[in-house]
Amino acid sequence: MIREMVRDFVKEEVEPQALEYDRDEKFNLELFRKLGDYGLLGITVSEDFGGANMDATAVAIVNEELSYSDPGFCLAYLAHSQLTVNNLAYNGSEEQKLRYLPGLCSGELVGCMAMSEPDYGTDVLGMATTATLQEDGNWCINGRKMWITNGVIDEDGTPADIVWLYARTGTTERGRPELSTFIIEKGMPGYKSGQKIIDKLGMRASNTAELVFEDCIVPAANLVGEPGSSIHHMMRNLEIERVALAAQAIGISRRCLADMSRYAGEREAFGKPIQQFGQMQRHIGESWAEYRAMRAYVYETCRVMDLETGGQRLDSDGVKLFATTAAKNIADRAIQVMGGYGYVGEYVVERLWRDAKLLEIGGGTLESHQKNITRDLAKNPDPIED
Ligand SMILES: Cc1cc2nc3c(=O)[nH]c(=O)nc-3n(C[C@H](O)[C@H](O)[C@H](O)COP(=O)(O)OP(=O)(O)OC[C@H]3O[C@@H](n4cnc5c(N)ncnc54)[C@H](O)[C@@H]3O)c2cc1C
């Protein structure tokens with residue numbers, strides 16, 4: 001039912017605007033808020049807080065369907081619903097959930113998650129943003145966050161309403177960074193947006209921005225959990241993020257396959273449809289097999305995924321590692337099959353190729369997935385023989 005509902009919505013409302021918003025590098029805030037009317041913005045949130053109370057499979061379906069037409073718009077959805085809202089729903093206090101989730105689920109508030117920094121991406125634990133406890137019990141935050149999807153929500157540079165922010169609050173006895181999470185609200189003194197990052201290769205329908213925290217004063221009530229307790233929930237939320245990004249790859253792949261397959265049947269060269277040429281058959285045949293393989297792997301991972309407990313890092317990294325590169329390759333083949341037409345915006349696949357590239361970087365680079373998988377298997381090789 002959810003697939004049907006989102007598919008109809010995408011056909012009627014997402015597809016018609018996708019080309020324009022990519023070209024203009026604009027985020028469609030009005031359309032985004034409509035996702036709230038459909039219950040999609042709080043898809044994994046309990047109904048008590050205005051959510052739809054669904055699971056990882058539903059998350060994958062929504063991300064797949066939105067990405068069939070507009071992966072950039074979908075990335076803004078993902079940053080809000082999976083990176084911010086899901087995180088809050090599973091880790092926030094009852095008071096924090098009551099305060100923020102209804103607005104985030106309806107679309108009245110737009111959220112973002114700020115982990116990366118100008119000098120720290122993959123090496124996330126090295127982050128330089130600090131939060132210092134003040135004598136009056138408030139926290140004072142200083143630092144800059146970089147590459148934040150939904151960091152600004154419009155062309156005037158209005159910052160996100162809610163930031164799920166990671167900052168360093170100390171160092172453990174073993175010399176490891178102690179990370180804590182804070183909920184920052186628009187209007188808090190010292191929180192502002194920096195530059196909107198323009199001229200991105202892809203995902204241009206989502207806004208990416210720098211966020212600046214200069215002596216930003218945050219009340220104790222906006223600390224999530226205990227100080228220093230964030231690494232665990234940060235890692236757990238990365239699992240659903242990676243699965244959602246892999247689901248984006250499925251949507252991109254399905255669209256590319258549909259378009260290249262149809263085109264290869266219609267386009268003639270040397271007096272016959274190009275689908276009769278072996279080299280075109282290789283592009284379509286290999287794309288089909290890779291699409292089916294990623295689909296099975298992503299939805300199987302969702303089937304066993306428990307958003308409460310986590311523990312699926314091996315496969316959340318695995319699906320993202322496999323599906324994202326496969327999607328990029330499938331989009332590349334779609335352009336090749338469509339020749340010069342595939343190279344222009346109106347035929348969509350060039351945009352999907354540009355968007356697919358981000359999936360190899362955001363939410364963890366390919367290399368970080370290779371590192372995690374190798375580490376996890378070295379620690380526990382049982383999944384290999386299961
Ligand atoms: C469009 C877009 C949207 C984004 N949205 C968000 C967001 O909403 N929130 C957020 O917090 N971040 C966001 N990011 C940031 C993204 O998560 C980072 O770009 C990513 O984690 C990589 O970090 P980096 O860019 O600093 O690259 P680096 O970490 O500096 O990596 C550079 C290269 O070095 C490699 N490398 C680094 N360490 C190792 C290692 N140990 N072994 C092997 N190779 C290594 C990397 O794989 C990569 O190839 C976004 C990025 C983009 C481009």
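Glu 25 is partly exposed because 19 other C-beta atoms lie within 10 Å; by the criterion applied here, a residue is buried if 20 or more other C-beta atoms lie within 10 Å of its own, exposed if 12 or fewer, and partly exposed in between, with C-beta atoms placed from the backbone. The residue is found in the loop between helix H1 (2-24) and helix H2 (29-37). Although Glu 25 is not a glycine, its phi is positive, at about 55°. Helices (H or I, at least four residues) and strands (E, at least two) are DSSP runs, numbered from the N terminus.

The structure is a predicted model, in which local features need pLDDT of at least 70 and side-chain atom pairs count only at pLDDT 80 or more, while totals for chains, interfaces and linings use all residues. Residues are numbered from 1 along each chain as its sequence is written.

## Domains and their contact

The protein chain is divided into domain 1 (2-110), domain 2 (112-229) and domain 3 (231-379); these bounds come from an automatic or database domain assignment. Taken over C-alpha atoms, the centres of domain 2 and domain 3 are separated by 30 Å. Seven residues from domain 2 and nine residues from domain 3 take part in the contact, where two residues are in contact if their C-beta atoms, placed from the backbone, lie within 7 Å.

On the side of domain 2 that touches domain 3, four residues are nonpolar, three are polar and none is charged. In this classification, Ala, Val, Leu, Ile, Met, Phe, Trp, Tyr, Cys and Pro count as nonpolar, Asp, Glu, Lys and Arg as charged, and the others, Gly among them, as polar.

## The ligand shell

The ligand lies between domain 2 (112-229) and domain 3 (231-379), because both give residues to the shell around the ligand. There are 23 residues around the ligand, of which Met 115, Gly 121, Thr 122, Thr 365 and Glu 367 come nearest; a residue is near a molecule or strand if its C-beta atom, placed from the backbone, lies within 6 Å of it.

By class, the shell holds ten nonpolar, ten polar and three charged residues. At least two residues of the shell are supplied by each of strand E1 (111-114), strand E3 (139-149) and helix H10 (366-379).

## Strand pairing around E3

Strand E2 (residues 130-133) and E3 run antiparallel and are joined by four bridges; two strands pair if DSSP finds at least two bridges between them. Ala 131 has Ile 141 in E3 as its bridge partner. Five residues lie between the strands in the hairpin of E2 and E3, where Gly 137 takes a positive phi near 95°.

E3 is also joined to strand E7 (residues 208-218), by eight bridges in the antiparallel sense, and Arg 144 stands opposite Val 212 in E7. In the loop between E3 and E4, Asn 150 has a positive phi of about 70° although it is not a glycine. Asn 150 counts as buried because it has 30 C-beta neighbours inside 10 Å.

## Strand pairing around E5

Strand E4 (residues 162-171) and strand E5 (residues 177-185) run antiparallel, joined by nine bridges. The bridge partner of Ile 162 in E5 is Glu 185. The hairpin of E4 and E5 has five residues between the strands, and Gly 175 there takes a positive phi near 80°.

E5 pairs with strand E8 (residues 223-224) in the antiparallel sense over two bridges. Thr 181 stands opposite Val 224 in E8. Val 224 is also touched by Asn 91, along with Gly 225 and His 233, not counting residues up to four places away in sequence.

Asn 91 lies in helix H4 (residues 71-91) and counts as buried because it has 20 C-beta neighbours inside 10 Å. The C-alpha atoms of Asn 91 and Glu 308 are separated by 9.3 Å, although the two are 217 residues apart along the chain.

Helix H7 (residues 278-304) has 27 residues and reaches 39 Å from its first C-alpha to its last, close to the 39 Å expected at 1.5 Å a residue; the expected span is 1.5 Å times one less than the number of residues. Its buried residues are Met 280, His 283, Ser 287, Glu 290, Tyr 291, Met 294, Val 298, Thr 301 and Cys 302. Their cover includes helix H3 (56-69), helix H6 (230-266) and helix H8 (313-342). Arg 282 is in helix H7 as well, but counts as exposed because it has 11 C-beta neighbours inside 10 Å. The C-alpha atoms of Arg 282 and Arg 333, 51 residues apart along the chain, are separated by 9.4 Å.
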